Amino acid sequence: MKNHHPLEPWNPRILDPFLKVASLYIHIPFCVKKCAYCDFFSVPYDESSALAYTDALCKELYLKSDSAAELKTVYIGGGTPSLLPDACFRQLFTCLGNNFQISHAAEITVEANPGTLNQSKTNLLLSLGVNRMSLGVQSFNDEELRVLGRIYNADDALRSLGILRNLGLRNYSFDLMYGIPGQSTNSWHETIAKAVDCSPTHISAYELTLEEGTPLHTLITLQTDEQGNYRVDKGQPCHSGMSGIFPQKNGFFSRQGTVGNHPNGNDTEKTTEDLSSNKYILNDLPLKLLHEDLILEMYNHTIDYLQTCGYEQYEISNFARLGFQCLHNMNYWYRGSYIGAGAGAHSFVNGTRSNNIRNIAGYMESLNSGLIPETGLSKSSPEEALKEFLFLGLRKTNGINIYKAEHLGMDIIRAGKDLLEEGFLEIWGDSLRLTRKGIVLSNSVIVRLFENLNL
Ligand code: SF4
């Protein structure tokens with residue numbers, strides 16, 4: 001592994017090194033069951049849909065291959081890509097090989113969920129050229145996994161990891177989550193410590209955000225009042241140890257739409273995909289949002305602990321051992337171009353963003369008629385482009401290159417003067433970046449910087 005990132009703009013005089021499309025995202029939208037907090041675009045898995053979807057995906061990849069240069073990253077995300085049948089993976093990789101030039105050093109990642117990986121599937125993926133796996137562990141606490149509505153327990157996560165390691169894969173990442181209702185600081189510390197014991201090369205630690213319309217959001221809203229106290233004025237008698245009572249409604253969480261931002265940059269809109277086969281059994285759980293001070297403590301612990309364990313924070317939620325930053329995501333944060341394939345996927349090519357149709361049937365229908373399944377194209381306005389440059393740049397711990405910003409017409413040192421004085425921003429070499437104090441309040445710091453720049 002190189003010590004530095006091949007997509008990074010080493011030379012600040014190179015103003016946009018990402019005009020060539022060197023990244024490909026492929027969305028696999030199938031899941032065993034909808035998680036309670038999930039607002040990503042996903043639909044229930046069935047084999048015939050997966051086979052038909054893969055056919056359509058290959059058509060889209062063929063149609064889009066002309067706009068790609070040699071690929072440096074391929075990221076297969078979801079959903080739960082590890083659910084895809086072996087025949088689909090073979091077909092997909094044959095299609096990639098036939099239509100794209102892929103760098104011999106390309107980072108090729110597949111997302112997997114514990115409980116959906118077995119030895120032969122993993123073996124197949126590695127033989128096809130996958131060299132990085134991202135495991136959606138979330139927590140090593142079984143009760144928290146149940147709150148999240150995940151389909152596996154902590155032992156399953158360790159078993160999946162064992163499979164990866166036995167087959168010789170060393171480059172694997174864990175997704176972890178803090179701020180889960182009912183989570184204690186101790187339990188978060190234990191999850192992080194267990195994760196480090198597993199020696200992943202990379203850890204993404206996200207705060208749980210409760211998106212409106214998800215089962216977890218609905219349940220929390222029903223269980224608590226505006227101040228976060230449990231309601232005592234309706235429902236059944238109190239669950240043991242609780243200060244309140246819970247509404248009881250069997251099957252209440254039987255159907256769920258999705259909306260939101262995917263960590264891989266593929267956000268989705270509401271979908272009416274039927275997930276009615278999924279039942280949530282959360283209404284027996286004491287669910288209460290954590291106080292923001294507790295969440296802040298968890299985040300600060302994450303940064304400190306991972307740093308002492310040799311994981312460098314390189315983005316607000318991402319930590320890696322030296323040389324193992326996720327190249328694919330770095331390209332997003334550098335506002336690099338990428339092609340997105342699959343229902344609901346986004347593309348960003350030469351300053352133009354486009355979105356694919358967000359339902360499986362419409363997506364496949366479009367491709368079966370020989371059409372790229374895009375619903376809209378929009379060229380970023382100059383102001384939007386500057387905002388994206390600042391917003392994405394400040395997510396990275398190495399910040400924004402001052403000279404590049406200047407070339408784009410922004411005096412970010414002058415604009416950030418008050419934020420520098422207040423200790424939210426700092427100058428670091430040729431860059432302006434968030435301090436630790438700024439990182440925890442990143443959204444409001446970035447908004448103030450926009451205001452100072454009249455954006
Ligand atoms: S969180 Fe991931 S695994 Fe769970 S339903 Fe959503 S996409 Fe599927």
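This text walks you through the structure above, from the whole protein down to single residues.

First, two notes on reading it. The model is predicted, so local features need pLDDT of at least 70 and side-chain atom pairs count only at pLDDT 80 or more, while totals for chains, interfaces and linings use all residues. Residues are numbered from 1 along each chain as its sequence is written.

Let us begin with the whole protein. There are 16 helices and 17 strands; helices (H or I, at least four residues) and strands (E, at least two) are DSSP runs, numbered from the N terminus. Of the 455 residues, 44% count as buried. A residue is buried if 20 or more other C-beta atoms lie within 10 Å of its own, exposed if 12 or fewer, and partly exposed in between, with C-beta atoms placed from the backbone. Among the contacts with a separation of 6 or more, 72% are between residues 24 or more positions apart. Two residues are in contact if their C-beta atoms, placed from the backbone, lie within 7 Å.

Now look at two pairs of helices. Helix α1 (residues 47–64) and helix α10 (residues 360–368) have axes that come within 9 Å and cross at roughly 45 degrees. Axes are lines fitted to C-alpha atoms, for helices over the stretch in contact, and angles run from 0 to 180 degrees between N-to-C directions. On the α1 side, the contact is made by S49, A52, Y53, A56, K59 and E60, and on the α10 side by I360, Y363, M364, L367 and N368. These residues divide into seven nonpolar, two polar and two charged. Here Ala, Val, Leu, Ile, Met, Phe, Trp, Tyr, Cys and Pro count as nonpolar, Asp, Glu, Lys and Arg as charged, and the others, Gly among them, as polar.

The second pair is helix α11 (residues 382–395) and helix α16 (residues 442–452), which pack at an angle of about 150 degrees with their axes 11 Å apart. That makes α11 roughly antiparallel to α16. K387, L390, F391 and L394 in α11 meet S442, I446, L449 and F450 in α16.

Next, step inside the protein. I203 is found in strand β8 (residues 202–207) and is buried, because 24 other C-beta atoms lie within 10 Å. Leaving aside neighbours within four places in sequence, I203 is in contact with residues including S173, L306 and F319. A320, in strand β10 (residues 318–320), also counts as buried, with 21 C-beta neighbours inside 10 Å.

Some backbone details deserve a look too. Most residues other than glycine have a negative phi, and most peptide bonds are trans. S199, in the loop between α6 (185–197) and β8, has a positive phi near 55 degrees. N350 has a positive phi near 50 degrees and counts as exposed, with 12 C-beta neighbours inside 10 Å. A cis peptide bond joins G78 and G79, with omega about 25 degrees.

Finally, where do G78 and G79 turn up again? Both are among the residues that surround the ligand, together with C31, K34, C35, C38, F40, S42, T80 and N113. By class, this shell has four nonpolar, five polar and one charged residues.

Terms used:
A residue is near a molecule or strand if its C-beta atom, placed from the backbone, lies within 6 Å of it. Angles under 35 degrees count as roughly parallel, over 145 as roughly antiparallel, 65 to 115 as roughly perpendicular and the rest as oblique.
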